[in-house]
Amino acid sequence: MTAAAKDAQATPDAIMQLGFGFWGSKALLSAVELGLFTELARGGPRNAAALAGRLGLHVRGARDFLDALVALGMLERDAGRYANTPATALYLDRRSPGYLGGMLEMANARLYPFWGSLTEALRTGAPQNEVKHGRDLFGELYADPERLRGFAAAMTALSLAPARAMAAAFPWDRHRSFVDIGCAEGGLPAQIALAHPHLAGGGFDLPALRPLFEAHAAAQGLAGRLAFHAGDFFADPLPRADVLVMGHVLHDWDLERKRMLIGKAHAALPPGGALIVYEALIDDDRRANAFGLLMSLNMLIETPGGFDFTAADCIGWMREAGFREAAAHPLAGPDSMVVGIK
């Protein structure tokens with residue numbers, strides 16, 4: 001095919017859709033912020049005027065907003081009445097056990113404005129979040145119980161699908177105990193323990209997370225089976241267990257600290273024990289997992305040295321730390337896990 005023929009076939013559609021992708025993204029984030037999906041789950045299908053009244057929307061934009069969500073596949077409309085789709089009913093109703101909106105609420109409140117400074121981050125290599133303005137993100141987070149609760153809920157939302165996949169994919173029958181390092185409120189330990197009653201489980205995180213972890217375990221009927229271990233994974237030894245899990249942890253840190261944490265896990269495991277690292281791992285060719293690559297740019301915006309990585313990278317670090325085996329396995333969505341055996 002000639003160059004002219006190729007030019008004639010090329011269209012700008014994909015370019016324009018990507019360039020204006022933030023329109024649809026912000027429509028969804030605002031819908032979550034407004035509680036639209038929860039309102040529909042609670043009160044059933046309603047017309048635009050009724051929803052605008054309940055949500056406090058101005059009449060000028062309400063109908064376009066709702067119809068845009070229909071066009072984006074986030075709402076259904078029949079005879080002028082709007083309703084949740086099966087997916088939004090399951091994942092975006094705040095009362096649903098499958099609620100994923102915590103992560104979207106964080107994206108709306110924090111990440112959306114910070115990503116406006118991506119160009120500056122690319123030029124400077126410096127974070128563009130609260131740190132840019134002389135504030136301590138995690139200091140503020142841990143000092144505010146309500147913000148900490150929201151952050152922990154967001155981490156549970158992020159880990160729910162990969163946790164369930166991990167519960168099914170890993171040979172837990174070969175082990176008796178596990179601890180999730182950087183557990184937040186314990187979303188992953190709860191899913192593993194529910195699926196495998198023979199396991200004794202736990203979570204390791206900073207002391208401020210203890211009440212949230214214990215409340216979440218109790219709500220799942222696991223108060224007697226999941227133990228919280230308080231500590232700082234840089235300053236303290238890691239808890240001993242047959243299996244240690246690090247999920248969405250390593251990407252927060254620079255290469256030196258990544259290697260250090262993997263080394264500490266190796267030291268804490270018994271012979272035959274396993275370290276499971278799960279992230280939105282970038283594919284080894286760095287072409288396919290756009291979410292993983294964009295997550296790495298998010299680490300550029302959020303952290304001084306963090307970055308996402310490929311399975312091959314992680315396998316190499318595990319072997320350097322002394323793990324005799326290491327292999328990657330897919331989980332759910334963009335997430336995969338690397339399992340290292342001591």
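Trainee: Why is S296 called buried?

Mentor: Its relative accessible area is 16%, and buried means under 20%, with exposed over 50% and partly exposed in between (1.4 Å probe, protein chains only). So S296 counts as buried. Keep in mind that this is a predicted model: local features need pLDDT of at least 70, side-chain atom pairs count only at pLDDT 80 or more, and totals for chains, interfaces and linings use all residues. Residues are numbered from 1 along each chain as its sequence is written, and side-chain values use heavy atoms, with hydrogens and water left out.

Trainee: Which residues is S296 in contact with, leaving aside its neighbours within four places in sequence?

Mentor: I282, F307 and D308, where contact means heavy atoms within 4.5 Å. S296 itself lies in helix 15; helices here are DSSP runs (H or I, at least four residues), strands likewise (E, at least two), numbered from the N terminus. Other buried residues of helix 15 include G292, M295 and M299.

Trainee: How do you know that the length of helix 15 agrees with 1.5 Å a residue?

Mentor: The expected span is 1.5 Å times one less than the number of residues. Helix 15 (residues 290–302) has 13 residues, which should span 18 Å, and its end C-alpha atoms are 18 Å apart, so the two agree.

Trainee: What makes F323 buried?

Mentor: A relative accessible area of 3%, so F323 falls under the cut-off. F323 sits in the loop between helix 16 and strand 8. Setting aside neighbours within four places in sequence, its contacts include I262, H266, L269 and L275.

Trainee: What order do the strands of the open sheet take?

Mentor: The seven strands run 5-4-3-6-7-9-8, with mixed pairing. Strand 5 (226–230) and strand 8 (325–330) are the edge strands, as each pairs on one side only. Strand 6 (residues 243–247) and strand 7 (residues 274–279) pair in the parallel sense over five bridges.

Trainee: What describes the packing of helix 3 and helix 8?

Mentor: Two packed helices are described by the angle between their axes and the distance between the axes. Helix 3 (residues 21–34) and helix 8 (residues 101–114) pack at about 120 degrees, with axes 9 Å apart. Axes are lines fitted to C-alpha atoms, for helices over the stretch in contact, and angles run from 0 to 180 degrees between N-to-C directions. Residues making the contact include F22 and L29 of helix 3 and L104 and Y112 of helix 8.

Definitions and conventions:
Two strands pair if DSSP finds at least two bridges between them.
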